[in-house]
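Colleague: I'd like to learn how to read a few features from a model. Can you walk me through them?

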Amino acid sequence: MRRVGVVLAAGGSARFGSQKLLSDLAGRPLVWHAAETLRSAGLSVYVVVNDCRVASAAGAVDGVIYNPWWREGLSTSVKAAVVALHDADCIVWMLGDMPCVKPETVGRLASTCGKGLAVPVYRGRRGNPVASGRDVFPAALGISGDVGLRALLGLVPVSYIEVDDEGVLFDVDTPEDLQKASSCVRRSSRV
């Protein structure tokens, strides 16, 4: 079974005020942490970008997917990755601004990936990343706007996976969020 990780990193960072994925977090660019989580989980890593600087900042990846339609929303990045990775059996979809997810959580989602979506749940709340089986790809090609695979909840089979990882609920939208993220990154690097 071919399982891969995709870092969705083609956004405009409007709420942040600058390209947040290049912002320093514990000595590395923010996007590097998301890619490193996938690498640490043992997945091949692909990054969807609109900026070559972000691709470089992600570190060692197995492929870069350029999304020229990124202004039309997150769905365009999902579609670009599905087209590029159509032969994958499972894709774990990591948002580029989620530095606090544990590699163990990603590994668990990848190992339970089969049909439909595998969605992490922490204390009753749905989070990210999400894993999708190949059967989801045709439906993913039909989404539009600034939504990801959550648009498919209720349309495809979903497995909710309880995780002990509050990082699945945290993303960086503001400079204040970036400061908060420094504690989880430092904490995870000491473990």
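Colleague: Which cysteines pair with C100 and how far apart are their sulfur atoms?

Modeller: A disulfide is a pair of cysteine sulfur atoms within 2.5 Å. Here C100 bonds to C184, with the sulfur atoms 1.7 Å apart. The torsion about that S-S bond is about -65°, so this disulfide is left-handed. C100 sits in the loop between β6 and α4, while C184 belongs to helix α6 (residues 175–190), so the link ties together parts 84 residues apart in sequence. Helices (H or I, at least four residues) and strands (E, at least two) are DSSP runs, numbered from the N terminus.

Modeller: Before we go on, this is a predicted model: local features need pLDDT of at least 70 and side-chain atom pairs count only at pLDDT 80 or more, whereas totals for chains, interfaces and linings use all residues. Residues are numbered from 1 along each chain as its sequence is written, and side-chain values use heavy atoms, with hydrogens and water left out.

Colleague: How many disulfides does a search of the whole structure find?

Modeller: Two. The other one joins C90 to C113, S to S 2.4 Å, and with 115° about the S-S bond it is right-handed. C90 lies in strand β6 (residues 90–95) and C113 in the loop between α4 (103–112) and β7 (117–122), so this pair ties together parts 23 residues apart in sequence. Counting bonded cysteines along the chain, the pattern is 1-3, 2-4.

Colleague: Are these cysteines buried or exposed?

Modeller: Buried means under 20% relative accessible area, exposed over 50%, partly exposed in between (1.4 Å probe, protein chains only). C90 counts as buried at 0% relative accessibility, and C113 does too at 6%. C100 and C184 are also buried. C52, by contrast, counts as exposed at 62%.

Colleague: What about helix α1, and why is it called largely enclosed?

Modeller: Eight of the eleven residues of α1 (residues 30–40) are buried, so the helix is largely enclosed by the rest of the structure. Among those buried residues are L30, W32, H33 and L38. After α1 comes G42, with a positive phi near 85°.

Colleague: Which residue lies over the face of W32?

Modeller: A charge sits over a ring if NZ of Lys or CZ of Arg is within 6 Å of the ring centre and within 35 degrees of the ring normal. In this case R28 lies over the W32 face, 4.2 Å from the ring centre.
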